[in-house]
Amino acid sequence: MADFDLAVIGGGLNGVSLARDAAGRGLRVVLLEQGDLGGAAANAAGRLIQGDLAVLERRALSRVRTALAERDTWLKIAPHLVRPARFVIPARSDERPLWLLRLGLVAYDRLAPPGGLPPSGAIDVTDHPIGNALQRPFGTAFEYSDCLVDDSRLVIAHALDAAERGAVIRTGARCVRADRLDIWRLVVIDRGHRQVITSRALANAAGAWTGTVAETVLRMPPPRASLIKMGQIIVRRLFDTDNVYVFQHRDRRLVFASPYQRDFTMIGTAAKLFKGDPAAVSIGADDVAYLCDAANRYFRAHLDTSDVIRSFSGVNLVAGRPGKRFAREGTMYFDARRGKAPLLTVFGGDITTARLRAEHAVSRLTPFYPMSPRWTAQAALPGGDFPWNEFDAEVERARERWKFLDQDQAVRLVSAYGSRLDAVLGNERERADLGAAFGPELTAAEVRYLMDKEWARFPEDILWRRSKLGLTMTVSDREQLAAFMAAGCEVSKASFGKE
């Protein structure tokens, strides 16, 4: 008998979504991630949960309708991680005409499920707060509803839910060989320890490394696909509202400027074909200039490339060889040859449809296993068991229980942990009870929780994925955090393999 029903290679959003879905259907699941969960493309996405106006412009109405339905599903199951926002498109006479923008947004509204987010509308920005950050003479803008997501924490929430439903999540674990018989025999290097595990089915969800895994681990032809580099930049906050600005760039692509961690603005996405090692990807100077140019066409505050505080970049895999506009839908292959263990290959796609993509992929295994029905559209992710329109009330409940939290601290913590904040703060009554402080926000209690429950091993796992506190933390505080985590890791190493 095999050790597991399904082994998943890759701990990005596709991988953890597969693990969560399968574990919730009663399958015995193991997930193998060679680095950190969500440490590659998932950490460089544009944070958008959307129907996608660019897809609407290509008249892919069915895809937009599906994505908008998924947007509402995310709001329902992850209200702490997925937050509604009003997106604003300032109208330029030399870009898409006003009538086309208005018509497109009316269609966008009608494709969305009824009774959800507010519909689109026109705004005179001359005397409106939205117009304060814009150059003159922008007089008209259109606004519509979509959502922003904490993409890195969305990955972690899926892994947590999968683990609570019985899945085994292994980070720092690399599959170096897979032999395919009537079951899969996997050779894994797990933090320096060689192990062999067996599984009835295998899912290759290694993101940008999907082709490499196919060739070197599975020893089969890689999928016909191209690597796409994505880049975002972080600058000082350019506007005071909570809106997301949508800019039409010179090449007709849409560029988004969104509020980021209170004091900053994220601008993206720059995307282009990529060749090379996905582990060594970085945003190019031309991409930084492209995004600054987009902002400078609209905002009053001028941006130079030297104003960029940080950038995020990652590589995604898309089927075929895209042209100017890159494919956004995910790809799934299913191989179930007679006498051979099943193989799923899942790659690409946007954040919005990740849940649905995993649901479809796991459902392909139903002829091979007895399993429960589809379920992920109705079950809240950890911390998300409250209505999406009661986020502010959840923040107030947190401040009432932990009176040492100020408003900004409560918002950050509820945005990360939702209704499970007590797992981090416990019943402590004073901030000092949470242990050492690493800057004004991060405490030893939170770090211990992230190491014990969320697979954080290194400072960057906490500072740039499970939080974004790296943007404001001093060098001294980072060094103290590294020393604290190293001491904790020594304890973990001493107990490795004793369970």
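Reader: Which residues meet where helix 1 and helix 5 are in contact?

Author: In this predicted model, Leu13, Val16, Ser17, Ala19, Arg20 and Ala23 of helix 1 meet Leu154, Val155, His158, Ala159, Asp161 and Ala162 of helix 5. The residues of this contact divide into eight nonpolar, two polar and two charged.

Reader: What makes helix 1 and helix 5 roughly parallel to each other?

Author: The axes of helix 1, residues 13-24, and helix 5, residues 151-164, come within 8 Å and cross at roughly 25°. Angles under 35 degrees count as roughly parallel, and helix 1 and helix 5 are therefore given that description. As for handedness, helix 1 passes helix 5 in a left-handed crossing.

Reader: Why is helix 1 called oblique to helix 8?

Author: The axes of helix 1 and helix 8, the latter spanning residues 354-363, come within 9 Å and cross at roughly 55°. An angle counts as roughly parallel under 35 degrees and as roughly perpendicular from 65 to 115, so helix 1 is oblique to helix 8. Here helix 1 passes helix 8 in a right-handed crossing. The contact brings Leu13, Asn14, Ser17, Leu18, Asp21 and Ala22 of helix 1 to Ala354, Arg357, Ala358, Glu359, Ala361 and Val362 of helix 8, and its residues divide into seven nonpolar, two polar and three charged.

Reader: How do you know that Asp335 is buried?

Author: Buried means under 20% relative accessible area, and Asp335, with a value of 18%, is therefore buried. Asp335 is found in strand 16, residues 330-335, and, leaving aside its neighbours within four places in sequence, is in contact with Arg180, Ala341, Pro342 and Leu343.

Reader: What makes the pairing of Asp335 with Arg337 a polar contact?

Author: A polar contact requires a pair of N or O atoms within 3.5 Å, and the side chains of Asp335 and Arg337 are joined by one of 3.1 Å.

Reader: Why is Phe438 called buried?

Author: The relative accessible area of Phe438 is 3%, and the cut-off is under 20%, so Phe438 is buried. Phe438 has its place in strand 18, residues 437-438. Beyond its neighbours within four places in sequence, Phe438 is in contact with Thr443, Ala444, Val447, Met473, Asp477, Gln480, Leu481 and Phe484.

Reader: Which elements are included in what covers the buried residues of helix 6?

Author: The cover includes strand 1, strand 8, strand 10, strand 15 and strand 17, and the buried residues of helix 6, residues 210-217, are Thr210, Gly211, Val213, Ala214 and Val217. Just after helix 6, Arg219 takes a positive phi of about 55°.

Reader: Arg262 and Trp455 have a positive phi too; what makes Arg262 partly exposed, and why is Trp455 called buried?

Author: Arg262, with a phi of about 70° although it is not a glycine, lies in the loop between strand 13 and strand 14. Partly exposed covers values between the buried cut-off of 20% and the exposed cut-off of 50%, so Arg262, at 36% relative accessibility, counts as partly exposed. Trp455, with a phi of about 65° although it is not a glycine, lies in the loop between helix 12 and helix 13. The relative accessible area of Trp455 is 16%, under the 20% cut-off, so Trp455 is buried.

Technical notes:
Residues numbered from 1 in each chain as written. Predicted model: local features only at pLDDT ≥ 70, side-chain atom pairs only at ≥ 80, totals over all residues. Heavy atoms only, no water. Axes fitted to C-alpha atoms, helices over the stretch in contact; angles between N-to-C directions. Helix = DSSP H or I, 4+ residues; strand = E, 2+ residues; numbered from the N terminus. Parallel < 35°, antiparallel > 145°, perpendicular 65-115°, else oblique. Left-handed = near helix turned anticlockwise from the far one by under 90°. Contact = heavy atoms within 4.5 Å. Nonpolar A, V, L, I, M, F, W, Y, C, P; charged D, E, K, R; others polar. Buried < 20%, exposed > 50% of the residue type's maximum accessible area, 1.4 Å probe, protein only. Polar contact = N/O pair within 3.5 Å; in protein donor to acceptor, adjacent residues only side chain to side chain.
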